[in-house]
Amino acid sequence: SNGAKKTSLTLAFEAVQGSLTDAVVVPDGYVAQVLVPWGTPLNAGGSWQPDQHMTAERQAASVGMHHDGMDAFPLDADNASRRFILALNNEYIDQTALWAPQGGPTNAKRGRRPAEESRTEINAHGVTLVDVEKDANGHWSHVPGSRYNRRLTSATVIELAGPVAGSDYVKTRFSPAGTQTRGTNNNCGHGVTPWGTFITCEENWPNVFVNHGQRFQDDARIGIPTNKSRYGWDTSAGDVSEENGEFARFDITPRGERAEEDYRNEARTFGYQVEIDPYSDARAVKRTALGRFRHEGCWLGKLEAGQPVVFYSGHDARNEYVYKYVSDAAWDPADANRPGETYDRLSIGSKYMDNGTLYVARFHADGSGEWLPLTPSAETHDGRLLATALGLAEDDLAGVIISTCDAADLMGATPMDRPEWATVDPTSGEVYLTLTNNSKRSETSAAPTFTNKGDDVAQRGVGYETAPANAANPRANNGAGHVIRWRESRLPNAFRWEVFVFGAAANDADNHSGLTDMNQFASPDGLWFDQRDDGQGILWIQTDNSYEGIADYTNDQLLAVVPNSLDELQGAGPVINNSNQQQLKRFAVGPSGCEVTGIFATPDKTALFINIQHPGNWPADGSALTQDATAAASGQVRPRASTVVIQKRDGGQIGV
Ligand code: FEO
Ligand code: CA
Ligand code: CA
Ligand code: CA
């Protein structure tokens with residue numbers, strides 16, 4: 001017996017073919033509509049026309065650009081499937097679309113950028129909170145002027161909390177006490193806490209900074225540019241009085257005698273999990289205890305009364321790591337969210353997210369794994385105290401967190417194929433994680449071994465430029481990616497893992513999971529375990545792909561599978577278990593140029609929300625606030641990232 005649960009949940013839709021059009025494709029019997037595309041006015045200061053000249057002021061009062069991770073926060077538990085606050089990340093910007101009426105950005109490549117342009121781009125990043133509701137006809141729209149509509153941008157004042165707050169590492173001219181910063185940036189995946197807050201995750205933030213001078217070790221390890229920043233916001237500093245460092249803060253070159261006189265520490269106030277209470281206008285808080293790196297997301301582990309609260313996060317870069325945070329405080333169900341009520345949720349967040357232990361994962365070839373603590377007193381792979389090995393005082397937890405990536409190198413973590421999203425089956429606690437691809441994964445002549453601490457360990461300050469294949473990342477030059485899953489063991493800091501499915505083109509030699517035209521995919525990214533009845537669920541897999549063989553067959557897509565149980569986990573390297581994929585089916589395809597990301601369903605499972613990020617020529621007329629997402633554009637339109645709501649024509653549950 002393989003111990004698999006008998007599964008009665010069946011995907012009832014007919015899988016869709018690949019598509020290469022400027023439209024969203026959904027199965028027969030389903031409809032899709034556009035909701036809150038970039039630029040949608042939230043409040044009186046916003047406005048939208050297809051030829052809109054976007055301004056900083058308008059953008060601050062409108063939906064941000066490049067929608068990514070998102071979730072729903074109901075105002076009334078009894079009405080949670082009809083109205084809620086939609087919290088969505090605005091990851092980055094498409095300058096061509098943003099500045100289309102003006103023919104492009106000014107001096108974006110070199111020279112000084114106009115302050116108004118930089119300010120507009122800063123305001124297009126961050127997070128959008130928007131009140132949305134469904135009418136009697138099943139049509140979704142936002143509520144203009146709702147008191148819940150709110151933007152956080154790369155300029156919004158945010159508190160620092162946890163071990164790094166108030167330390168010398170984060171003292172800046174703006175906040176000499178090291179307790180605040182401005183902005184959250186490149187917010188990719190997300191998290192939702194049991195106490196009703198949204199976690200926005202800072203991913204590719206290093207590139208908005210530049211350092212022309214002496215770099216800190218952690219600046220080098222995380223990749224702060226030394227030549228120019230991504231958008232050149234720092235070059236606007238001369239345009240206005242820079243008393244407040246509005247733009248100068250993006251140039252972190254040390255200038256003063258002391259850290260409090262310049263912005264050398266500014267980048268050290270980024271790279272965190274950021275907690276937002278969507279029900280209030282309280283200042284957001286960066287929870288530094290959860291580590292500092294390019295956070296893809298923040299996924300809640302299995303929640304049990306009296307047990308710690310756990311969050312998983314991946315560092316999305318080639319050969320970076322998977323992390324787990326475990327709270328000191330035990331979960332008290334009395335702290336659960338009370339939808340729609342206004343109270344101090346962020347103090348509950350402080351209870352669970354400011355004191356705890358951060359771990360990094362090491363995957364062993366035999367299917368076991370261990371969580372390595374990133375604490376000052378932890379023992380490194382070569383037998384030193386971690387704090388000592390990092391050159392820190394022996395109790396300097398803030399220093400360890402600032403140098404999370406270095407610390408993980410020294411502990412001997414397993415370099416992964418770009419960890420993107422994770423998701424947790426809330427009943428079993430099984431964790432799924434996408435490993436999207438890795439062009440810097442080399443062949444290895446022998447079976448990889450991680451049985452002795454010390455072998456194949458990255459050097460401090462370097463990480464792995466290239467890493468040999470290992471059991472959890474078994475394919476050299478992994479273009480198609482894979483999904484792994486694990487379950488925590490009863491033993492402390494231990495887990496068991498297996499590969500769940502390998503991406504591939506159907507005719508690839510390494511199509512290990514037996515994919516066909518109707519479910520071939522590559523570069524898995526977004527992921528969500530959609531719990532249904534009896535503890536079963538649908539695992540939704542989204543793609544962000546440029547893999548030859550798939551990209552010429554279909555645009556990015558959304559697939560669904562009903563996972564089998566992990567009880568049958570074989571525990572021997574990459575288990576290629578086709579029973580995992582028996583029901584893997586393509587559910588939807590996005591428009592050309594986009595990635596498909598950001599996913600949740602209403603509690604009644606009748607509406608599935610996804611995001612279409614960086615489309616090339618979509619939605620159809622580039623202007624309508626709500627329209628048929630399945631209509632293709634005729635001619636070139638001004639593209640707008642957008643949320644898409646997928647529903648059944650008969651109002652039934654999605655997928656079944
Ligand atoms: Fe923003 Fe790793 O995706
Ligand atoms: Ca992603
Ligand atoms: Ca991606
Ligand atoms: Ca993206």
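A residue is counted as buried if 20 or more other C-beta atoms lie within 10 Å of its own C-beta atom, with C-beta atoms placed from the backbone. The model is predicted, and the points below are grouped by the element they describe.

**Helix α5**
- In helix α5, which spans residues 345-353, the buried residues are Arg345, Leu346, Ile348, Gly349, Tyr352 and Met353.
- These residues lie on the same side of α5, because they cover an arc of only 150 degrees around the axis.
- The elements that cover the buried residues of α5 include β11 (273-276), β12 (285-287), β14 (308-314) and β16 (322-330).

- Strand β9, residues 187-192, is mostly covered, with six of its six residues buried.
- Four bridges pair β9 with strand β10 (residues 198-202) in the antiparallel sense, and Val192 has Phe198 in β10 as its bridge partner.
- Five residues lie between the two strands of this hairpin, where Gly196 takes a positive phi near 90 degrees.

**The open sheet**
- Nine strands, paired antiparallel, form an open sheet in the order β13-β14-β16-β17-β18-β25-β24-β21-β20.
- The edges are held by β13 (299-300) and β20 (419-424), each of which has a single partner strand, so one side of each is left without a neighbour in the sheet.
- Within this order, strand β18 (residues 368-373) and strand β25 (residues 494-502) run antiparallel and are joined by three bridges, and Ser368 stands opposite Arg496 in β25.

Key
Residues are numbered from 1 along each chain as its sequence is written. Chains are lettered from A and ligands numbered from 1 in the order in which they are written. This is a predicted model: local features need pLDDT of at least 70, side-chain atom pairs count only at pLDDT 80 or more; totals for chains, interfaces and linings use all residues. A residue is buried if 20 or more other C-beta atoms lie within 10 Å of its own, exposed if 12 or fewer, and partly exposed in between; C-beta atoms are placed from the backbone. The arc is that of the directions from the helix axis to the C-beta atoms. Two residues are in contact if their C-beta atoms, placed from the backbone, lie within 7 Å. Two strands pair if DSSP finds at least two bridges between them.
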